[in-house]
Amino acid sequence: MLRGLGPMRLAAIAGVGICVLGFFIYLMSRVAAPQMELLYGDLELADSKQIVDRLTADKIPYELRREGAEIWVPKDRKLDLRVKLAEDALPSGGRMAGYELFDKQDNFGSTSFQQNMTMVRALEGELARTIRSIDKVKAARVHLVLPKREAFSRDTQEPSASVVLKMRGNYRLDKGQVRSIQHLIATAVPKMKVSRISIIDDKGTLLAKGFDDSQEYMAQTAEEMRLNYEARMVRTIEDLLERSLGPGRVRAEVNVDMDMSRAVTTEETYDPESKVVRSEVSINEGEQSQDSDPTPVSVQQNLPDPNASANGNTRTSSKSNKTQDTVNYEISKKTKNVVRELGEVRKVSAAVLVDGVRDKSADGKQTTYRERTPEEMAQIEALVKSAIGFSKDREDQVKVASMPFYKGDELDQAEEPGEFIFGMRRDFVEKIASNLGLSIVAILFLLLVLRPLISRAIESMQGQVGPDGRRLLTADGGAMPQLTGPGAVALAPPGLGEEEEVIADELIDIDKVEGRVKASSIRKIGEIVDKHPEEALSIIRSWLYQES
């Protein structure tokens, strides 16, 4: 059988076999390869190099993806590698060093200036690390200016800070998150004010401005307060109405007029009708006196007889009483201090647009639109007024309208590729898809390439070797196929000897073919007729003459 195939067919079969063997070896290596998982993603090139060097030194297999931004390792080694790399502070992510700077510093040889600079660098690094922990922030860099008070100087400079943020993808921070970063830095640095902190992103967009003028800072704060109040009112209205109307069928806009002035009012009120005794003083005075007329001077007055002067004097007496009452009353007094902060609401104007009612037909194929009834609109307006705190004294305005919504704005927009596809991780789905694709290619190769080659080889072997072991018709393997029939003439290539012609005549035996001509033999006969038209014509003529 192998001898009958010929060297060309044997070489083709050997080549195909080697290709199939290599393909299955590659497929088995892919299937038997360890399952890879993400070790770190969104890496800087410097961090990727350090991690790759560490993995290469430990002889751990890895894969680099997304231009070196991701490193994949075997699933069973991922957690262990993260712990080991964390010991070496990898990946650093371009972060600034923190308080570990003091661990590497020689305290005996450093000056006070070096100590102060190291303190500023450490504080900047710690703040950058903390800011980087925010979900949307990829990297952060903080610059602090901490002026030192000069000797014999009364003027002091306030500290300031500037922050540069690098965001993840197309994410952006909202106003609240930017304000939180400002307050974080202000509370971490002594005597730092929020108004002295500037924040920009990696595209040069100013997120927060450091104000030198406090009035300008207060103006921006007032504007943010007004916008936040309007946004809160819009969310309140939409959340309230979407409960009954359905998601996406309500749109609200609120405009708030606020008084941004700050005033302090002190008021004192006295009530004369209400009085309380505070104090009461009573004074009683009594006075009594006796007077006598003077007597002339004589010797008798100098005598020791006490009765001598009593008989010769005239006496007078006086007596008086005085009473004084003092009562103090406390009058009722009311002192009222009113401090009006900025942001007092003067007027609220709300515009609410609701979608109409869409009724479906009985078969559910057609949808008809109709406006909402006045009763429904009145109920919606009442709910909106309650939600915004409607007041006639402020001349608030509320307008509710029912109009059909345009559905074109609800078209699906392109989203960034997520981590999950059909509820499964992206890497797992990609691995299954690659293995499935390789399996399909292998099956197609077996059915479309290898199977036809084997079938043709078997058919050619069956056509060349008969039951008794003799060679029969062949297309290109040794003997030349011949046309058979009564008085058949052998079709031999030019230059064929007489001995070879006799052998070729013996090879053509219709009885051993058992009266069946296969499709391959007919095709080969057609090719022979195309190559030797004259010999074929002579054979057909001989058949016609014999039959006649």
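Let's start with what sits over the buried side of helix α4: the elements covering its buried residues include β1 (36–40), α3 (45–57) and β3 (70–74). Keep in mind that you're looking at a predicted model. Helix α4 itself spans residues 78–87, and its buried residues are Lys78, Leu81 and Leu85. If you look down the axis of α4, these buried residues fall within an arc of 60°, so they line one face of the helix. An α-helix has 3.6 residues a turn, so residues three or four places apart point the same way. Now turn to the other side of α4, where you'll find Leu79, Val83 and Glu87 exposed.

Two of the covering elements, β1 and β3, belong to a sheet. It's an open sheet of 3 strands, in the order β1-β3-β2, with antiparallel pairing. Strands β1 and β2 (63–65) stand at the edges with a single partner strand each, so one side of each has no neighbour in the sheet. From one strand to the next, the twist averages 40°. Zoom in on β1 and β3 and you'll see 4 bridges joining these antiparallel strands. For a landmark, find Glu37, which stands opposite Val73 in β3.

How do the helices sit against this sheet? Helix α3 packs on it and touches β1, β2 and β3, with a direction that makes about 20° with that of β3. Helix α4, meanwhile, lies across β1 and β3 and runs at about 15° to β1.

Next, have a look at charged side chains. Side chains of opposite charge can pair when their charged atoms come close. A search of the whole structure turns up 21 salt bridges. Take Asp396 and Arg394: they form a salt bridge in which the closest N and O atoms are 2.7 Å apart. Asp396 is buried, with a relative accessible area of 7%, while Arg394 is partly exposed, at 25%. Elsewhere, salt bridges that share partners link Glu37, Lys75 and Lys78 into one network.

Another pair to find is Arg358 and Asp355, whose salt bridge has its closest N and O atoms 3.2 Å apart. Asp355 has 0%, so it counts as buried.

Then there's a pair within a single helix. Lys385 forms a salt bridge with Glu381, and here the closest N and O atoms are 3.6 Å apart. Both sit in helix α9 (residues 374–388), and because they are 4 residues apart, about one helical turn separates them. Lys385 counts as partly exposed at 29% relative accessibility, and Glu381 counts as partly exposed at 28%.

An unreviewed UniProt entry places the feature "transmembrane region" at residues 6–27 and 432–454. Look at residues 432–454 in the model: this span is 100% helix and 0% strand, and its end C-alpha atoms lie 31 Å apart.

Technical notes
Residues are numbered from 1 along each chain as its sequence is written. This is a predicted model: local features need pLDDT of at least 70, side-chain atom pairs count only at pLDDT 80 or more; totals for chains, interfaces and linings use all residues. Side-chain values use heavy atoms; hydrogens and water are left out. A salt bridge is a side-chain nitrogen of Lys or Arg within 4 Å of a carboxyl oxygen of Asp or Glu. Buried means under 20% relative accessible area, exposed over 50%, partly exposed in between (1.4 Å probe, protein chains only). UniProt positions are given in the numbering used here, feature names are shortened, and annotations may be inferred rather than shown by experiment. The arc is that of the directions from the helix axis to the C-beta atoms. Contact means heavy atoms within 4.5 Å. Two strands pair if DSSP finds at least two bridges between them. Axes are lines fitted to C-alpha atoms, for helices over the stretch in contact, and angles run from 0 to 180 degrees between N-to-C directions.
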